[in-house]
Structures are given as structure tokens and as C-alpha cells.
Amino acid sequence: MPALRPFVFNQSRLTALRAREEATFRQRTTRSQALREESRRYMPQGVPMAWMVSLNRFSPPFIRSASGAVFTDVDDNQYLDFNVADLSMTMGYGPMPVVDAVSRQVRLGAQFLLPTEDALVVGRLLAEQIGIPYWQFTLSASGANVEVMRIARHITGREKIVIFDGHYHGHIDDTMVRQGEQGVVHEQLGLARGSAANTLIVPFNDLEALERVLASEAVALVLTEPALTNCTLVQPAPGYLEGVRRLTQQYGSLLCLDEAHTFQFAHGGLTGAWGLQTDFVVLGKGLGSGIAFALYGMSETIARHLEQFTDSDIGPAGLATGGTLYASALAVSTARASLEQVLTITNYQRIERLGARLASGLRQTFARHDLPWCAFELGPRSGYCLTPRLPRNGAEANLSMDPAFIDCRRLFMANRGVWDGILSAGPQVSFAHSEADIDRYLEIASAFIAELFE
Ligand SMILES: Cc1ncc(COP(=O)(O)O)c(C=O)c1O
């Protein structure tokens with residue numbers, strides 16, 4: 001297969017277009033900027049969480065409200081949302097089943113630190129849809145991954161974990177790493193020294209590389225998304241995930257499929273839809289529809305282990321799992337309503353068709369301008385791949401995207417009422433989108449490409 005090379009843009013054209021669009025954006029968002037300036041007196045960067053700045057290379061709008069697929073900022077600009085809060089709002093804003101469940105549960109009691117019947121229903125529905133029998137609930141997918149790592153280390157008595165180039169599994173010391181020249185190093189600052197020492201990074205879609213590592217190191221857990229979604233999109237080659245499963249079993253390591261994103265791609269997640277075998281699966285993000293909620297599923301053997309080593313206030317110390325607000329009645333009622341009434345097979349089929357419409361429209365736009373690009377497509381996730389073929393691993397995915405192009409496109413689209421996906425993602429179709437919304441996205445995207453290349 002020929003090596004991929006990054007697409008070379010006319011930089012001066014891109015820079016000039018970006019400058020024009022940023023000036024327009026600033027004019028359209030004066031109240032947001034005033035609020036941000038005032039907020040700087042109380043919050044670093046003038047935002048309650050630094051990502052709200054770092055995920056956007058331009059000053060973020062302050063938001064007033066939202067409904068369906070559209071949110072409105074404090075300057076009254078409306079945005080058709082294709083970022084859906086990085087897949088934490090894939091059901092759209094205010095779906096009635098969720099609104100009803102939240103209102104009801106807040107009246108009945110949001111949190112008891114005790115189970116409710118809804119938890120039983122959520123566990124049963126997930127077991128049926130995904131085929132993983134046992135479940136534990138957390139507040140975030142990061143929290144779920146942390147517990148999975150602890151349990152895997154305890155069961156196997158091993159320390160190492162394997163992740164894949166192009167990964168993201170949350171803000172966890174062990175996984176916020178990249179391959180450096182001298183070994184694995186942290187990607188960011190402030191992480192505990194030494195906490196990268198047990199992490200190994202392997203290229204995705206390369207079973208030989210994985211086998212080399214599993215054969216030579218004491219690996220507790222192989223942690224991967226079934227398709228990498230945090231470097232735009234890398235799909236598994238046919239048979240690859242089955243090969244990963246076979247190798248983990250052969251070398252006594254446990255496997256976790258992190259479906260924090262991909263659960264929104266297919267009914268039952270990719271684990272259920274593709275019939276994948278695994279020890280753990282992690283879900284989160286959109287399932288809570290804005291209420292913090294995530295879970296991990298596990299095999300029967302692991303569930304029995306967790307029962308045997310459940311921590312006790314008065315007895316012997318057990319596995320380090322749990323948190324005060326984990327599995328709150330409110331979050332669990334939201335998840336139940338979502339699973340029963342929004343995340344239905346019919347609705348998944350509908351957004352898959354919309355994803356195909358988006359991908360096909362992008363391909364037509366690229367062809368009109370003779371661009372040697374293609375579009376990736378997996379259910380409702382579609383997007384721009386700036387190389388002639390799709391990437392097979394994280395390194396190729398990096399070559400197939402261009403941060404300056406994405407940044408400029410996002411500004412251009414925001415000025416025309418579309419909030420595009422962040423750098424690492426793609427435009428994401430939500431359960432609230434319609435065909436007309438996809439066509440609107442394509443119309444603006446096509447205008448952007450035309451400005452850049454005509
Ligand atoms: C695959 C995957 N796992 C875990 C996480 C962490 O999710 P959270 O930030 O909700 O903890 C993310 C976030 O983007 C993710 O994409």
C-alpha cells in the first residue's frame with residue numbers, strides 16, 4: 001500500500017481566509033467576549049474549564065440555550081450543532097423522554113447513594129443489547145477506564161497496559177502518553193512522574209506488533225476503541241479485532257473495548273453490532289445526555305472477582321472502585337429513558353442513513369474541486385480525510401488531517417450558523433438531526449471548499 005503524504009495547502013490563502021472569518025466572528029460575538037473578559041476576574045482564561053478554550057482556537061461563544069439540534073449564544077447567533085459537545089449530546093438538546101425522566105427524578109430524589117429500580121433496567125437492557133452480562137456505573141468514561149485498569153491489574157497480577165497510537169481514553173495519568181524517542185512519555189504537564197512507565201503503545205491494525213508486545217511483557221490489559229475516533233476515524237481491518245481478542249486470550253491479558261464514543265454509532269455499540277468478544281466494555285458520554293454518567297460492563301468471571309474483592313468499611317480492603325455521585329438516581333433514570341425511548345434500533349438506522357448522506361455529499365464536493373481526498377464514514381460519524389485513502393493507524397490519521405484547515409473551516413461555518421466538529425473528531429450526526437440539517441451542513445462546507453480552492 002502506498003505511503004500517505006499530507007495534503008499541502010496554499011498557506012497564505014488559508015491564513016487570509018481565517019483572518020477574515022475570525023474578524024467576522026468577533027463582530028458577531030461581542031457579548032460573549034465581554035462575558036469572557038469579566039469572567040477572567042474569577043476564572044483562569046475566563047472559562048469554568050480550560051478545555052472550553054483549548055478545544056477552540058478562537059474565543060468561544062457563551063451559550064444561552066438550545067433545542068433539538070440547535071444552540072443559541074448570548075449574542076443571539078444560532079448554531080446547527082455537529083460537534084454535539086464532543087459526543088456527550090448525541091441525543092440532541094431536550095429530548096422529551098430525557099426531560100420527563102430528569103424532571104420526575106429530581107422531584108423524587110436525585111441521589112441516595114443507594115440503588116434504584118432503574119439501575120436494574122439499565123443493566124438488563126445493556127446486557128441484552130451489547131451481550132456483556134454485568135455492569136458497574138461511574139460518572140465519566142475516564143472514571144470507568146480507571147476502574148477497569150485497577151480490576152485488570154488485580155486479576156492478572158500484572159502492571160502493564162497496552163493502548164494504541166491515536167488513542168484517547170480520558171484524562172488518566174496512565175493513558176495520556178505518546179511514544180517518544182526514548183520510550184513512552186506523557187503528553188501533558190502535571191502528571192505523576194513514573195505513571196507512564198507501565199504503558200505500552202502499539203500501532204492499530206498491526207497484529208504482529210501487538211503479539212510481539214504481549215509475548216514479551218506482562219500485560220494486564222489491552223485497552224482500545226473498536227474504531228479509533230479521537231484522531232478523526234480509523235476503522236479496524238477485517239478480522240483485526242477478532243485477532244486482538246485471540247491474542248489477549250493466548251497471552252493471558254484482559255481486553256477492554258472503550259465505546260465511550262462508538263456506542264453512539266450503532267445499536268448495542270460496535271461490540272453488539274459486530275458481535276465482538278471482550279472482557280470489559282466502557283460506555284459514557286451521550287448516554288447521560290448532559291448528566292454525568294458512564295459505565296463499564298464485564299464478563300461473569302470478572303463480576304465474580306469484583307464480588308469476592310468488594311471493598312468494605314469494616315472488613316478487609318477490597319478493590320478501589322466507586323465515588324459518591326456514581327450511579328445517582330438522576331443519571332440512571334436518564335440512561336433508562338434514553339435506552340428505552342431514544343436509542344432505539346429505528347433511530348440508529350435513521351442516523352446511519354444521515355451519516356451516509358453526509359459522507360456522500362462530502363465526496364461529491366471533493367470531486368467537484370478535483371481534490372485527492374476521501375470521506376470516512378462509520379454510522380453517524382463522517383468526515384474529511386485529506387489523503388487519497390483512509391488511514392489504517394494513528395500515524396496515518398495524523399497525516400490525513402490538518403489543524404489549520406479544520407480551525408479555519410470551523411470559524412467559516414460558525415459564521416454561517418453551523419458548529420462543526422472539533423479537531424480530533426468529524427462532523428457528528430446526532431439523533432436530533434434531519435436530512436435538511438445534513439444538506440445545510442453540506443451547503444456551507446461546499447461554500448468553504450469553493451472559497452479555498454476556486
Ligand atoms: C474513547 C474515549 N474514552 C474515554 C473518554 C473520556 O470521556 P470523559 O471525558 O467523559 O471521561 C473519551 C473522551 O473523549 C473517549 O473518546
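Q: Is Asp279 buried or exposed in this predicted model?
A: The model is predicted, and Asp279 sits in the loop between α10 (269-274) and β11 (280-283). Its relative accessibility is 10%. Since buried means under 20% relative accessible area, Asp279 counts as buried.

Q: Which residue has its backbone nitrogen 2.8 Å from a polar atom of the side chain of Asp279?
A: Leaving aside neighbours within four places in sequence, Asp279 is in contact with residues including Arg245, Ser253, Leu254, Leu255 and Gly297. The backbone nitrogen that lies 2.8 Å from a polar atom of the Asp279 side chain belongs to Leu255.

Q: Why is Cys256 too far from the closest cysteine sulfur for a bond?
A: Cys256 is buried, with a relative accessible area of 0%. A disulfide needs two cysteine sulfur atoms within 2.5 Å. The closest cysteine sulfur to that of Cys256 is in Cys231, and it is too far for a bond because the distance is 17 Å.

Q: How many disulfides does the count come to?
A: The cut-off for a pair of cysteine sulfur atoms is 2.5 Å. Cys385 is in no disulfide, as the nearest cysteine sulfur, that of Cys374, is 3.7 Å away. By this rule the count of disulfides comes to 0.

Q: In β2, which residue is the bridge partner of Ile63?
A: Strands β1 (residues 63-67) and β2 (residues 70-73) pair in the antiparallel sense over 4 bridges. The two form a hairpin with 2 residues between them, and Gly68 in the turn has a positive phi of about 65 degrees. In β2, the bridge partner of Ile63 is Asp73.

Terms used. Residues are numbered from 1 along each chain as its sequence is written. This is a predicted model: local features need pLDDT of at least 70, side-chain atom pairs count only at pLDDT 80 or more; totals for chains, interfaces and linings use all residues. Side-chain values use heavy atoms; hydrogens and water are left out. Buried means under 20% relative accessible area, exposed over 50%, partly exposed in between (1.4 Å probe, protein chains only). A polar contact is a pair of N or O atoms within 3.5 Å; within protein, one must be able to donate a hydrogen and the other to accept it, and residues adjacent in sequence count only if both atoms are side-chain atoms. Contact means heavy atoms within 4.5 Å. Two strands pair if DSSP finds at least two bridges between them.
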